[in-house]
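Dear colleague,

Please find below the structure that I am handing over to you, with the sequence alongside. My notes on what was found follow directly after it.

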Amino acid sequence: QQRTEVLLHAARRELHEETARASEVAVETVRAEQLLHAARRELQEEKAREHEVQIAFAEQQRTEVLLHAARRELHEETARASEVAVETVRAEQLLHAARRELQEEKAREHEVQIAFAEQQRTEVL
């Protein structure tokens, strides 16, 4: 009977130790699951940040393409404006020349009228 009690006591102590170890394993398992959950959450957050960076990069590239197109269009518009300025100067020069020719024509016409008037006066005399 004593031997049985000793064995029973030893079995109870071993059961208690195993229960304590099982409890420690359960606590460690819960901690590991919490760490795993936190790591997964951090990974998801990192993926979300990476996605945002990719979106920002794509937006930057799109903006650079638009900026390049705007610069090209500005260059073309500047070239057209320069051509218009040159044509305007030419038109002003032609207009000035036409006005000068008109003035010269009026002066010649006036001289002809004076000569005609002189001729008539001479004929009258």
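The protein chain has one helix and zero strands. Its radius of gyration is 53 Å, whereas the globule rule gives 14 Å for 125 residues, so the protein chain is more spread out than a compact globule. Please bear in mind throughout that this is a predicted model. The C-alpha trace spans about 180 × 15 × 5 Å along the principal axes of the protein chain.

Two pairs of residues illustrate these dimensions. Alanine 32, which is found in helix 1, and phenylalanine 116 are separated by 84 residues in sequence, and their C-alpha atoms are 123 Å apart in space. Alanine 32 has a relative accessibility of 42% and therefore counts as partly exposed. Arginine 12 also has its place in helix 1. From the C-alpha atom of arginine 12 to that of phenylalanine 57, 45 residues away along the chain, the separation is 66 Å. With a relative accessibility of 55%, arginine 12 counts as exposed, because the cut-off for that class is over 50%.

Surface and charge

How much of the protein chain counts as buried? Of its 125 residues, 0% fall into that class. The protein chain exposes about 12,000 Å², and carbon and sulfur atoms supply 58% of that area. As to charge, there are 19 positive and 27 negative side chains in the protein chain. The centres of these two sets lie 7 Å apart.

Salt bridges

Side chains of opposite charge can pair when their charged atoms come close. How many salt bridges does a search of the whole structure find? The search finds eight, and I describe some of them here.

One of them joins arginine 21 to glutamate 18, with 2.1 Å between the closest N and O atoms. Both residues belong to helix 1, which covers residues 2-124, and they are three residues apart, or about one turn of the helix. Arginine 21 is partly exposed at a relative accessible area of 39%, and glutamate 18 is likewise partly exposed, at 40% relative accessibility.

Another salt bridge links arginine 90 with glutamate 87, where the closest N and O atoms are 2.7 Å apart. Why are arginine 90 and glutamate 87 separated by about one helical turn? The reason is that they are three residues apart in helix 1. Arginine 90 counts as partly exposed at 45% relative accessibility, and glutamate 87 is partly exposed with a relative accessible area of 45%.

A further salt bridge is formed by glutamate 105 and arginine 108, whose closest N and O atoms lie 2.7 Å apart. These two residues are also in helix 1, at a spacing of three residues, about one turn of the helix. Glutamate 105 has a relative accessible area of 40% and is partly exposed; arginine 108 is partly exposed as well, with a value of 43%.

In summary, the predicted model shows a protein chain with one helix and zero strands, with 0% of its residues counted as buried and with eight salt bridges in the whole structure.

With kind regards

Technical notes
Residues numbered from 1 in each chain as written. Predicted model: local features only at pLDDT ≥ 70, side-chain atom pairs only at ≥ 80, totals over all residues. Heavy atoms only, no water. Helix = DSSP H or I, 4+ residues; strand = E, 2+ residues; numbered from the N terminus. Rg over C-alpha atoms; globule rule 2.2 N^0.38 Å. Buried < 20%, exposed > 50% of the residue type's maximum accessible area, 1.4 Å probe, protein only. Areas by Shrake-Rupley, 256 points an atom, 1.4 Å probe, with all protein chains shown as cover. Lys, Arg positive; Asp, Glu negative; His and termini not counted. Charge placed at Lys NZ, Arg CZ, Asp CG, Glu CD. Salt bridge = Lys/Arg side-chain N within 4 Å of Asp/Glu carboxyl O.
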